[in-house]
Amino acid sequence: MGKEIEMKDAESPSPLVGKDEAAVEEASVLEQLTVTVSVIDRAVRAKETRTVFNRVLRQVAGVRRRMQSKDLRDFVTAHIPPGNPSLEPLLAALDEADTAAMSTLTPSSSPPAPATSPPLPEVEALAFLLVTLLLVNGRQWAAAHDLASSALARLAAFNRRTLDVLGARLASLLSLCAARAGRGGAALRAALLAAHQTAALRRDEVGQETLLNCLLAGLLDEGLYEQADALRARAQRPDTARDVQQLARYLYHLGRIHAVRLDYSEAKECLQQAVRKAPLTATGFRVAATKWLTVVRLLLGESLDRGELTRGELARHLAPYLALTQAVRSGDLAEFAAALHAHEPALRADRLLTVVGRLRHSVIRSGLRRVAAAYSRISLADVAAKLGLAGAGDAEAVVAKAIRDGSIEAQLDHAAGEMRAGATRDVYGSGEPAAAFHARIAFCMDIHNEALKAMRYESLGGLQLEDADKLRERQEQELQAALEDDGMDF
């Protein structure tokens, strides 16, 4: 979802001083990968999956931009012995990366000795991940897809919780490469569904989150919203999210489903949470979620501030939605139609053209509010002219529906063919301020509850918590003893 962040280690004296820059870079990559293998080894012995999730992926992100094919070839040779099923596909993928880059392979000055002992499955997964990322960096989507498929087939033979995070990362890369290489569709969904079922049976929570997001993304990209909603309702999800980024993705997909199904309130809540939980470096994800959130808020009749759409690096991407917002606020159907026609290619690329088409009713409602606030009495023919409607009959139907929904305070005189505006309603005399205050309090309580669920507590070290009744009885006895010692009459 987000950009990979390069983590820079603190500067320390290097034993490679005096060598050329290429040798230093090569050695630094190999040294960092060796350190990563040692971290994995300690995590496997301690059965600590969070260490793998936090530190190993950060180190992979840091080395991703600097690694080259020869670095990974030396790494694979040093840690995966001949005869291992993973060695052949890894070396074949590295050969393909060299061929695509049209580079001449220069042997290392001091190549590492070939591995002789069988590696940990986690080290094999790390090698698959690194080579797949190398192919992704080179835009070799088909080769990366084939290698990720081989990696997941190899890792399916192991049922180890320390493999969950690396396997989930490979599954997300498989989904990405399939979409870019045009290999999505029913075949990919069948493979991902089988992997999700296996993850659920093995209680692989990280894998469940990641695979569910991959399935939802594929269905939504193909416009299969009903199937996506059915999958979302039936699929198993962990009670507590293990990965904030995967949770943000899930909320984004859920918000899109609710928006298409006309459940705008739920869609707004999900999309707002997705934007808030997304990393600041995930610009592409935040732009996509903000586009959907902008349209949903307009459909709810909210008035958006111009500064929300012209802020920072999002302004260039949100220009079409700023034009739509201005058209909706003005209540001019002609201006809305012009903005929709001018930005139709961008809206179609964002898969929002159908949802944006529903804004026509919001434009009419906004224009009708302006007319009702400006005129105490106006003919329906003039209302139709100001709103850009076909005639007085259409204007009468629109005004009647707005009065019934409570959008405006007015009376409709059918015989005279006019609309009479009522007295301006005092919003502070209604229940809207209380509803807004309740929504804010509910949001704060949700944040508090999520923070409590995300907290980790240290082990009690073998101590057993006392029963509540026994604890209360013991406290009463201690209080009684203290009062008797003080000579007080209890």
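Predicted model: local features only at pLDDT ≥ 70, side-chain atom pairs only at ≥ 80, totals over all residues.
Of its 490 residues, 39% count as buried. Among the contacts in the protein with a separation of 6 or more, 68% are accounted for by residues 24 or more positions apart.

The packing of helices was examined for two pairs. Two packed helices are described by the angle between their axes and the distance between the axes. For helix α15 (residues 319-330) and helix α16 (residues 333-342), the angle is about 165° and the axes are 8 Å apart. The angle is over 145 degrees, and α15 is therefore roughly antiparallel to α16. The crossing of α15 past α16 is left-handed. On the side of α15, the contact is made by Ala323, Leu324, Gln326, Ala327 and Ser330, while α16 contributes Glu335, Phe336, Ala339 and Leu340. Divided by class, the residues of this contact comprise 6 nonpolar, 2 polar and 1 charged.

Helix α15 was also considered on its own. Its end C-alpha atoms lie 17 Å apart, which agrees with the 16 Å that its 12 residues should span at 1.5 Å a residue. The buried residues of this helix are Pro320, Tyr321, Leu322, Leu324, Thr325, Ala327 and Val328. The elements that cover these buried residues include α13, α14 (306-309), α16, α17, α18 and α19 (359-374). After α15 comes Gly331, which has a positive phi near 75°.

The second pair consists of α5 and helix α7 (residues 164-181), which pack at an angle of about 25° with their axes 10 Å apart. Because this angle is under 35 degrees, α5 is roughly parallel to α7. Here as well the crossing is described as left-handed, with α5 passing α7. The contact involves Glu122, Ala125, Leu126, Phe128, Leu129, Thr132, Leu133 and Val136 of α5, together with Leu166, Arg169, Leu170, Leu173 and Cys177 of α7. By class, this contact of α5 with α7 has 10 nonpolar residues, 1 polar residue and 2 charged residues.

Helix α11 (residues 244-260) was examined for its length and its burial. The helix has 17 residues and reaches 25 Å from its first C-alpha to its last, a value close to the 24 Å expected at 1.5 Å a residue. Of these 17 residues, 14 are buried, so α11 is largely enclosed by the rest of the structure. Ala248 lies in this helix, and at 0% relative accessibility it counts as buried, because that value is under the 20% limit. Just after α11, Leu262 takes a positive phi of about 70°.

A further arginine, Arg286, belongs to helix α13 (residues 283-299). With a relative accessible area of 17%, Arg286 is buried, because this value is also under 20%. When its neighbours within four places in sequence are left aside, Arg286 is in contact with Ala278, Pro279, Leu280, Glu313 and Leu314. Ala248 and Arg286 are 38 residues apart along the chain, and their C-alpha atoms are separated by 9.9 Å.

Notes. Residues numbered from 1 in each chain as written. Heavy atoms only, no water. Helix = DSSP H or I, 4+ residues; strand = E, 2+ residues; numbered from the N terminus. Buried < 20%, exposed > 50% of the residue type's maximum accessible area, 1.4 Å probe, protein only. Contact = heavy atoms within 4.5 Å. Expected span 1.5 Å × (residues − 1). Axes fitted to C-alpha atoms, helices over the stretch in contact; angles between N-to-C directions. Parallel < 35°, antiparallel > 145°, perpendicular 65-115°, else oblique. Left-handed = near helix turned anticlockwise from the far one by under 90°. Nonpolar A, V, L, I, M, F, W, Y, C, P; charged D, E, K, R; others polar.
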